[in-house]
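Morning, everyone. I'd like to walk you through one model today.

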Amino acid sequence: MKRQAGPKRKRVLPARRQAVPGVKRRIKAQTVEFAVFGDSHVGYGNSLSIFKSLLPKAVGSGNKRFFIFGGDNAQAGADHGNNANAYYKDFKDTVTSTLGSIPYKASIGNWEASTRSLFTQYLGAVTGQMNFPGTQGKVKYVWLDCALGQFTPASINLLRNLDDRYFYIIDFHWPLRVQGITVESSHVLSAAETSRFFSAIPVKARDKVLAIFTHHGHKFYRKLSNINPGYPRTKFFVCGCSGDYKCKPDGNMGYYNAKLTSSGSGYKVDAYIAH
């Protein structure tokens, strides 16, 4: 005699959580830490030992995902470039041995302008764009060549093609001539060259420029708003004291500890001087 099957139990599915009208889901902010060094001038005076002292501090502070080196990394043009190879090698050996697997990019400075082939051999392209680490390609890092006080055609062309689908952090050697800047005038781009930079960026991408890092002025300077009409979110920094060249030995040498913070669809950059 076959046993009859009993009535099937209905499977009760857990109730789905209903969205509450008018209440937005909170998205946790994400932070990418990075560091910015300028004018390390390896090969000049006591710069190599200063650089070797500063760099491990930056690596050991927080959780750095990227390093920016803003030009005059090596005193390559001194002595008619006779020691350029050694200076570049000292700089790169120090960086690679200290940073390990942390990615970095260097911009070209005026003291490296006469040794471009060695610069590219040791430090890569003088102009370019890459994904900023930890941002899934949403933020781009752009580095430009204004080593001789003027932006190269390749640099201007790169700016003209910035896409408003992304956010940007930009680095180059000479500071822009923005209102209120206190950097020595001889170490700041001309008003015409500054205008050329701002005008090159498409209008639709201007509010996507989060921060501009510059160097060369041998001091620290920050302007956190109103750097130019049409750039409401852009913060502007000068960092030119990561070595021994015209930087006072009273604590002014250093670098920026910086953070890129995302929350929802927006981003912001903050940078603070570290010694």
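Is T31 buried, partly exposed or exposed? It counts as partly exposed, at 44% relative accessibility. The cut-offs are these: buried means under 20% relative accessible area, exposed means over 50%, and partly exposed lies in between, with a 1.4 Å probe and protein chains only.

Some ground rules. This is a predicted model, so local features need pLDDT of at least 70, side-chain atom pairs count only at pLDDT 80 or more, and totals for chains, interfaces and linings use all residues. Residues are numbered from 1 along each chain as its sequence is written, and side-chain values use heavy atoms, with hydrogens and water left out.

Back to T31. T31 sits in strand β1, residues 30-37. Strands here are DSSP runs of E with at least two residues, helices are runs of H or I with at least four, and both are numbered from the N terminus. T31 is in contact with K259, L260 and T261, leaving aside neighbours within four places in sequence. Contact means heavy atoms within 4.5 Å. T31 and V269 are 238 residues apart along the chain, yet their C-alpha atoms are separated by 9.6 Å.

Now the whole chain. The secondary structure comes to 5 helices and 11 strands. Of the 275 residues, 50% are buried. Take contacts between residues at least 6 apart in sequence: 69% of them join residues at least 24 apart. The accessible surface is about 14,400 Å², and 49% of that belongs to carbon and sulfur atoms. Areas come from the Shrake-Rupley method with a 1.4 Å probe, and for residues only the protein chains shown count as cover.

Next, the inside. Which residues touch the most other members of the largest nonpolar core? They are F34, F37, F69, F213 and L260, in a core of 56 residues. A nonpolar core is a set of buried Ala, Val, Leu, Ile, Met, Phe, Trp, Tyr and Cys residues joined through side-chain atoms within 4.5 Å. Helix α2, residues 84-99, gives the most to this core, with 6 residues. Apart from this core lies another, of 30 residues, with C146, L189, F197 and A200 among them.

Look at F34. Beyond four places in sequence, F34 touches a list of residues including K64, F66, I68, F132 and I169. F213, L260 and V269 are also among the residues F34 touches.

On to helix packing. Helix α1, residues 47-60, packs against α2 at an angle of about 25 degrees, with axes 10 Å apart. Axes are lines fitted to C-alpha atoms, for helices over the stretch in contact, and angles run from 0 to 180 degrees between N-to-C directions. So α1 is roughly parallel to α2. For the labels, under 35 degrees is roughly parallel, over 145 roughly antiparallel, 65 to 115 roughly perpendicular, and the rest oblique. α1 passes α2 in a right-handed crossing. A crossing is right-handed if the near helix is turned clockwise from the far one by less than a right angle, and left-handed if anticlockwise. Residues making the contact include L48, F51 and L55 of α1 and F91, T94 and V95 of α2.

Now α2 with helix α3, residues 116-123. Their packing angle is about 25 degrees, and their axes are 10 Å apart. They are therefore roughly parallel to each other. α2 passes α3 in a right-handed crossing. Among the residues in contact are Y88 and F91 of α2 and L118, F119 and Y122 of α3.

Now the loops. Where is P175 found? In the loop between β6 and α5. P175 counts as buried, at 0% relative accessibility. P175 touches H215, F236 and V238, among others.

G180 is in the loop between β6 (167-171) and α5 (191-200). G180 is exposed, with a relative accessible area of 54%. G180 and I227 are 47 residues apart in sequence and 9.2 Å apart C-alpha to C-alpha.

Last, backbone angles. Q136 is not a glycine, yet has a positive phi of about 55 degrees. Q136 lies in the loop between β4 (128-131) and β5 (139-143), and is exposed at 64%. N226, also not a glycine, has a positive phi of about 55 degrees. N226 lies in the loop between β8 (220-223) and β9 (235-239), and is exposed at 62%.
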